[in-house]
Amino acid sequence: MKTQKKMTLFLAFMCTFLFTSVVFAQGDKANRPSPPAKATGKIGTANITIDYSSPSVKGRKIWGELVPYGKAWRAGANEATIFETSSPIKVEGKDLPAGKYSLFAIPGEKEWTIIFNSETGQWGVKKGGDANLDRAKDVLAVNVKPKKSAAPNEKLAYVVDKNGFSLKWENVEVPVAVK
């Protein structure tokens, strides 16, 4: 009888240990296949921050296949990408008030639409795989021209500089002018 109690306690301990290990591992975003990343910079008086998850190419064709042309995309992986500005700015000549926005994109071979949406905190895609984007909450949408990047980029990266920000991934760079 004592052996059975010891075995039951041991099994209960192991189940609890394994369960808590799985829960804590799920909470560690750094261990995801597309880990969190952040780009920051100052443009004029505005402090700009872009929080995103950075997927890798891993030998895949990204543009037009993994990320289809003509469909809204969360501009990263996992949760929707967040764009924050501390002051009002002009994006491609159009006003964007200070605030926090979900950043989405509609990629195209010759032109992209960059979307700043007021809904934040959502997972980046719905169950069917479409972007989790409520177009009624769009604050600003601008069109920009992609270009071939100077060097391949294995991991998706955003860069903020005095001229604006750029998305760089695979063999494409998408500059967005900000003043």
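Ala75, Leu103, Phe104, Ala105, Ile114, Tyr158, Phe165, Leu167, Val174 and Val176 line the largest cavity of this predicted model. The space inside that cavity comes to about 40 Å³.

**The cavity**

- Searching the whole structure turns up one cavity of 30 Å³ or more.
- The lining of the largest cavity is made up of 10 nonpolar residues, with no polar and no charged ones.
- In general, empty space is found by rolling a probe the size of a water molecule over the atoms.

**Ala75, a residue of the cavity lining**

- Ala75 sits in the loop between β2 (46-53) and β3 (81-85), and is also part of the lining of the largest cavity.
- Is Ala75 buried or exposed? Ala75 counts as buried because its relative accessibility is 2%, and buried means under 20%.
- Leaving aside residues up to four places away in sequence, Ala75 touches Thr81, Leu103, Phe104, Ala105, Leu156 and Tyr158.
- Among these contacts of Ala75 are Leu103, Phe104, Ala105 and Tyr158, which also line the largest cavity.
- Ala75 and Ala131 are 56 residues apart along the chain, and 9.5 Å separates their C-alpha atoms.

**The largest pocket**

- The largest pocket holds about 290 Å³ of space.
- It is lined by 16 residues, and those closest to the pocket centre are Leu66, Val67, Trp73, Arg74 and Gly76.
- By class, the lining of the largest pocket has 10 nonpolar, two polar and four charged residues.

**The open sheet**

- In general, the strands of a sheet pair through backbone hydrogen bonds, in a parallel or an antiparallel way.
- Here, six strands form an open sheet with antiparallel pairing, in the order β1-β2-β3-β6-β7-β8.
- Which strands are at the edges of this sheet? The edge strands are β1 (36-43) and β8 (138-144), each of which pairs on one side only.
- On average, neighbouring strands of the sheet are turned by 25° against each other, with direction ignored.
- Six bridges join β7 (residues 112-117) to β8 in the antiparallel sense.
- Asn117 is placed opposite Asp138, a residue of β8.

Methods. Residues are numbered from 1 along each chain as its sequence is written. This is a predicted model: local features need pLDDT of at least 70, side-chain atom pairs count only at pLDDT 80 or more; totals for chains, interfaces and linings use all residues. Side-chain values use heavy atoms; hydrogens and water are left out. On a 1 Å grid over the protein atoms alone, a cavity is a set of points where a 1.4 Å probe fits but cannot get out, and a pocket is an open set with protein on both sides within 12 Å along at least five of seven lines; lining residues have an atom within 4 Å of a point. Grid points are joined across faces, edges and corners, and a volume is the space filled by probe spheres set on the points. Ala, Val, Leu, Ile, Met, Phe, Trp, Tyr, Cys and Pro count as nonpolar, Asp, Glu, Lys and Arg as charged, and the others, Gly among them, as polar. Two strands pair if DSSP finds at least two bridges between them. Helices (H or I, at least four residues) and strands (E, at least two) are DSSP runs, numbered from the N terminus. Axes are lines fitted to C-alpha atoms, for helices over the stretch in contact, and angles run from 0 to 180 degrees between N-to-C directions. Buried means under 20% relative accessible area, exposed over 50%, partly exposed in between (1.4 Å probe, protein chains only). Contact means heavy atoms within 4.5 Å.
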